[in-house]
Amino acid sequence: MLYTASFYAPDNWQGLRYRVSRSHPRGRKTDWETLPFLYPARELLVAYRAGDLDFGGLSAEYLISLNHRLNESAELQDWLYKTPDLGDFTLLCFEPEGKACHRLVLADWLLERLPGLVLGQKR
């Protein structure tokens, strides 16, 4: 089952934990694995933070990049192949619960590609 959560809400973490943000939260012990092939591009985040992209633009560009990586990255393809056997896992990033976030876009993208994957609570 797939879950999403903020780094700052460990009570919402389920099963394996994967960081899908480009950076690690300061002062936090590493309690997760990293999935760099799922990180949003640095340029995309810079444009979003500068106000050059709204969240819809960020989401659209992120989805384009994920689809491109899917065709180019054996590492991503391998991880997707193994995902149904992971059991419960949580995608982690910085945004607090209830805010628009790339981890939610990523969760929807994964659910579209992995028919057997079930969504737990999205946060």
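What radius of gyration would a compact globule with 123 residues have, and what does the chain have? For this predicted model, in which residues are numbered from 1 along each chain as its sequence is written, local features need pLDDT of at least 70, side-chain atom pairs count only at pLDDT 80 or more, and totals for chains, interfaces and linings use all residues. Side-chain values use heavy atoms, with hydrogens and water left out. A compact globule with 123 residues would have a radius of gyration near 14 Å, and the chain, at 14 Å, agrees with this; the radius is taken over C-alpha atoms, and the globule rule is 2.2 Å times the number of residues to the power 0.38. The C-alpha trace spans about 40 × 35 × 20 Å along its principal axes.

The chain holds 4 helices and 4 strands, arranged from the N terminus as β-β-β-α-α-α-β-α, where helices (H or I, at least four residues) and strands (E, at least two) are DSSP runs numbered from the N terminus. Of the contacts (heavy atoms within 4.5 Å) between residues at least 6 apart in sequence, 61% join residues at least 24 apart. The accessible surface comes to about 6900 Å², with 49% of it belonging to carbon and sulfur atoms, as computed by the Shrake-Rupley method with a 1.4 Å probe, only the protein chains shown counting as cover for residues. Buried residues account for 41% of the 123 residues; buried means under 20% relative accessible area, exposed over 50%, and partly exposed in between (1.4 Å probe, protein chains only).

The largest nonpolar core has 25 residues, and those with the most contacts inside it are Leu38, Trp79, Leu91, Leu106 and Leu110. Helix 1, helix 2, helix 3, strand 4 (89-93) and helix 4 each supply at least two residues of this core, and helix 4 gives the most, with 5 residues. A nonpolar core is here a set of buried Ala, Val, Leu, Ile, Met, Phe, Trp, Tyr and Cys residues joined through side-chain atoms within 4.5 Å. When neighbours within four places in sequence are left aside, Leu110 is in contact with Trp79, Leu80, Leu91 and Leu117.

Helix 2 (residues 55-72) has 18 residues, which at 1.5 Å a residue should span 26 Å, and its end C-alpha atoms are 25 Å apart, in agreement; the expected span is 1.5 Å times one less than the number of residues. The buried residues of helix 2 are Gly57, Leu58, Ser59, Tyr62, Ser65, Leu66 and Arg69, and their cover includes helix 1 (42-49), helix 3 (74-82) and helix 4 (102-113).

In helix 4, Glu112 is exposed, with a relative accessible area of 62%. Pro36, in the loop between strand 3 (33-34) and helix 1, is partly exposed at 44%, and its C-alpha atom lies 6.9 Å from that of Val20, 16 residues away in sequence. Gln121, in the segment after helix 4, is likewise partly exposed at 44%. Although Gln121 and Tyr3 are 118 residues apart along the chain, their C-alpha atoms are separated by 5.8 Å, and beyond its neighbours within four places in sequence Gln121 is in contact with Tyr3 and Thr4.
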